[in-house]
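Dear colleague,

Please find below the structure that I am handing over to you, followed by an account of what was found in it.

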Amino acid sequence: MSDTAAAGESRGAPAGHPDDVLRVRDLSTRFFTEEGQVNAVESVSFTVRDGEIFGIVGESGSGKSVTALSLIDLVDSPGRVTGGEVWYRDADLAEEFRDRLPDAVDGEFVDTRRLPKGVRRALRGPAFSMVFQDPMSSLNPSVTVGEQIAEAVEVQRRATANPRRTRSRTQGYGMGKLIADTLLPNRGFTSESSMNRAIELLEQVGIPDPAERAHEYPHQFSGGMLQRAMIAQALAGEPDVLIADEPTTALDVTIQAQILNLLRDLQEQAGTSVVMITHDLGVIARMCNRVGVMYAGQIVERGTLSDVFETPVHPYTQGLLGSIPDLDDPAPRLQPIEGNVPSLLDEEMGGRCFFADRCPKAMTDCLQPISEYDADPGSDEHTARCVLAEREFSEADALPPDHFDRNEEVRGDE
Amino acid sequence: MGYGRFLLKRGVQGVGVVWGVVTVVFVLRFITPGSPIDTVAPLDASQETRQRIAEELGLDQPLYVQYLDYLAELLQGNMGYSYISSIPASVQVFQKLPATLELAVAASLVAVALSIPLGVISATRRHEPADYAATSFSLLGISTPNFWLGIMLVLVFAVELNVFPTSGRAYGFGQTLAAITGPEPFFTVATAWLASLFLPAITLGTYFTALITRLVRSGMLDELSQGYVRATRAKGLPETLVRYKHVLRNTLVPVVTVLGLQLGTLIGGAVITEAVFAWPGLGTEIIRAINARDWPILQGSLIVIGCGFVLLNIAVDALYAYLDPRVVAE
Amino acid sequence: MKIGPISISPRTIRNLRKEFRSSGLARIGVVLVVLVLLAAVFAPLIAPHNPRTQTLDQAQLPPLGFTDTEQQTRSEMVNGSIETVTENVTVNATTTYPLGTNSLGQDMLSRAIYGARTSLLVGFFGTVLAALLGVTVGLTAGYYRGRVDDLLMRTADVSLAFPSLVLAIALIGLFSRFQADVAYRITDPLVSTGFAGWFRELVGLPTPMPETVVLPTVVILVVGFVNWVWFARIARGEALSIREEEYVKAARALGGSDARIVFRHVLPNAITPILVLATIQVAAIILLESALSFLGFSGTTLSWGFDIAQGRDYLSSSWWIATVPGLAIVLSVIGINLVGDWLRDALDPGIEGEGGL
């Protein structure tokens, strides 16, 4: 259903499962750098359901973090979300914009990309929030941890206190008040009650002595504790969708498991949907209900965990799965995929399967743009951007092994 | 380490630097060729007269005795007497100090009030016309000698347009305050005071406006690229708070340090600004003292300026530690 | 590329090129600096007049494009009695003096060209002196740390407590008591070899140029001594971090002498921020020199600051006398600052805001 061909004629939200909270269609993000246009995210489509953990997995440089940032409109210059829709289910919001922006509303869904900038910003916190990879650099070093969490609580409170919530956020806090708050130490954006809530949240994420630790600065926390605080901050707005971008990569192995357990416990308690972004297939296998595999800015295969892990269709997914060491059978099964991740420079991409130059099963069919095919007639969830979903591999059509060496300049000098 | 201990440590270091300043001034007197007697004694003074003057000034004592005497006198606030007017140097220096402070404070106010908004606008609207205007202004500002700027301002606003006086200090801040209850009409006094202060304050303040604009701009660009900015936005904080509570505050930490180091430049700039506007402050007094070889006045001025620098830097450190708690922790 | 003990990596050169290509300001800066440098070096060849020659009947001529009204008073016989008549006379600019003349009828353009010599001489030698002093102190403090570091850096704090301009005029005031002449005269090689005369004959400017260049030695010594602190701070910071590098530890383990380690390993790796600071310091010292000569402490009359002081007395009648040398300062200092920004952006030594007037 979510063929790229459908994008042009589409009106309204894509069809999907009734439990969907998020439906993303053809999301594209470009970076306009001095070296040229970088297609970091290329026509990405997926859905996220109530209370599930959706995993996005890929190597570094595959565009998964940019996808996360694109969802909550935090792509910095020189990057820009250039196309696509992010349909988010929120009945109140849909009601508010049904008349003003009919294109942006479909049933209970709103396309956040079509909403005004201020409203998009206001969705951060109560609708979407994010846990970042490196907690140490993701918290302001000169503000106490409790204060930073209390800010997130306060944002949420001010938004819900006012029925016209989407606009109340940016108003009511101007320069004058800020200057007064800065000069008078006892005043602040945050109130005592939001600070108390911050302490509760710290307790909830398992930080001992939360009341004392709330008044400490990030440099006084260990990495694992700080990531817990970061999660507390992300939960402060009681978000519908929590995006976790490599939440354990910067941590020690022993701490990683604790953080993952914490995330899962919290997610089960609150029923929050989680988008889990990682390069670690182990994390995916352990945490996720459904998964999308990213390569060169595209989701090359997606489906339920068992679809993707047990019956992978795309040779890239197969290669990726082949590259994890098997604990039961530590024989040398580690087979890294040959070649490099493409540079994603627009001029070097060409209209073909981006994986074809590394693919052991590349065929002449792969030299044209590939759309998402239904990979499994039994399941309407499993799709792959690979011709092998439709046909068998045939030696007769295979590309000669040196096809790309002959036709393309070697660009492996960086 | 607590905040109090941190300040105490800085204070002790400050006393050390003050002692160094005082010692350097003492040493300067001795590398000065010629004897102070030559300056004080009449040209035709007899050997006995000279001997008597040497005894009076303590110049017949061994060097270390002179040094200890000098320190003891300083501790009692005695910095010697002007060779020219015989007024105690401390009295003369402290008489001239308020005018200089007034000028420096006015210039700093101008600089802070203009530069922080300029720097913030420049950084948040990077590569937009406002940024180009602010960066051009700041480049021009740090490249223009302030005495020449002062002369050009006089040329335009005093000579051609005749809206400000060319030089002099009409009233002091204290006199202006006194005029609220005094017999002179307050409005006239206040206007004259501000009018005479205006061009000197702009002259002295421009360099610092430009300097701080540059520092705030580059610091803020640096800070905006930090990971926490994105995370702070991700939790939905209004952009005003992201920019000012988080980013600007962190930007100001290094800016405050640099400004502490540049206080000397502010005082040096005040000296030459005073020369341009015939402003009756410490700078004019220093130049007069050098030309008249009135060493006690020069020494007194150097000591007062040095101690002022040390005190202000302790204040800056205190502010720094307040803005950035990590400083105290280290 | 290798210049003495300093080797410049290809990456550095690539960064410099890249920054130069992408930044219009860097190019403007280089052009300005080259122009000022050419003016300073070849002053005797290109100055249209001898900057010291007074032509009192040509005094206070305005620059090209401007006219000046001047009140002239003369005596006249009217009906048998002598009366003073005051009338307004329009003074036109002449191409002989494109930037006008000062109160002594000296050519402003030639003085501006010669002024570049003084500024650059003081700026260059003053910076070299400050760098030698400061880098020596800073490397020693940073390399030995501990007591040595404390002692040297407290000395630097004391030195910082005196504003450089105030310290400079105090020192010059003191120096001037035992050496009346605060400047040396050195013969101008372009003039003494006769090359300038021959060249000027050739281009049709047969004016004899000054035989000597004034080297304001005391000013150079003083500005160098006054500005060493900035170099000391930078060099110390670099030495502190470089001494922890593995290659320095290895050199120490191999028993290299301290001096050898500092010169072979520490200094070459600290050179980038020192060079960037030096560039900015040339600008700061030019400003300091102009302030000193404005106040009459420079030891030469061929200086932009001195000319501004002269022009100040004629502000209401001849605005250009103070304006022209001021513009010369601003343009040179902008040029140097732009080059400094270029180097800083390309090399990124992290020394924002160090150094000053």
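In chain B, residues 252-277 form a span that is 100% helix and 0% strand, with end C-alpha atoms 32 Å apart; helices here are DSSP runs of H or I of at least four residues, strands are runs of E of at least two, and both are numbered from the N terminus. Residues 136-159 of chain B are 92% helix and 0% strand, and the end C-alpha atoms of this span lie 27 Å apart. An unreviewed UniProt entry gives the feature "transmembrane region" for both spans, and also for residues 12-31, 103-124, 192-212 and 297-323 of chain B. Such positions are given in the numbering used here, feature names are shortened, and annotations may be inferred rather than shown by experiment.

The model is predicted: local features need pLDDT of at least 70 and side-chain atom pairs count only at pLDDT 80 or more, while totals for chains, interfaces and linings use all residues. Residues are numbered from 1 along each chain as its sequence is written, and chains are lettered from A and ligands numbered from 1 in the order in which they are written.

Between the chains, 32 residues of chain A are in contact with 23 residues of chain B (C-beta atoms, placed from the backbone, within 7 Å). On the chain A side, at least two residues each come from helix H4 (117-123), strand S7 (128-131), helix H5 (135-138), helix H6 (145-161) and helix H8 (175-183). H6(A) gives the most, with three residues. By class, this side of chain A has 16 nonpolar, eleven polar and five charged residues (Ala, Val, Leu, Ile, Met, Phe, Trp, Tyr, Cys and Pro count as nonpolar, Asp, Glu, Lys and Arg as charged, and the others, Gly among them, as polar).

Chain A is divided into domain 1 (1-127 + 240-346) and domain 2 (137-238), with bounds from an automatic or database domain assignment. Contacts join 15 residues of domain 1 to 20 residues of domain 2 in chain A. H4 and helix H12 (253-270) of chain A each give two or more residues to the domain 1 side, and H12(A) supplies the largest share, six residues.

Chain A also holds an open sheet of eight strands with mixed pairing, in the order S7-S8-S9-S3-S10-S11-S13-S12; strands pair if DSSP finds at least two bridges between them. S7 and strand S12 (373-374) of chain A stand at the edges with a single partner strand each, so one side of each has no neighbour in the sheet.

Yours sincerely

Key:
Two residues are in contact if their C-beta atoms, placed from the backbone, lie within 7 Å.
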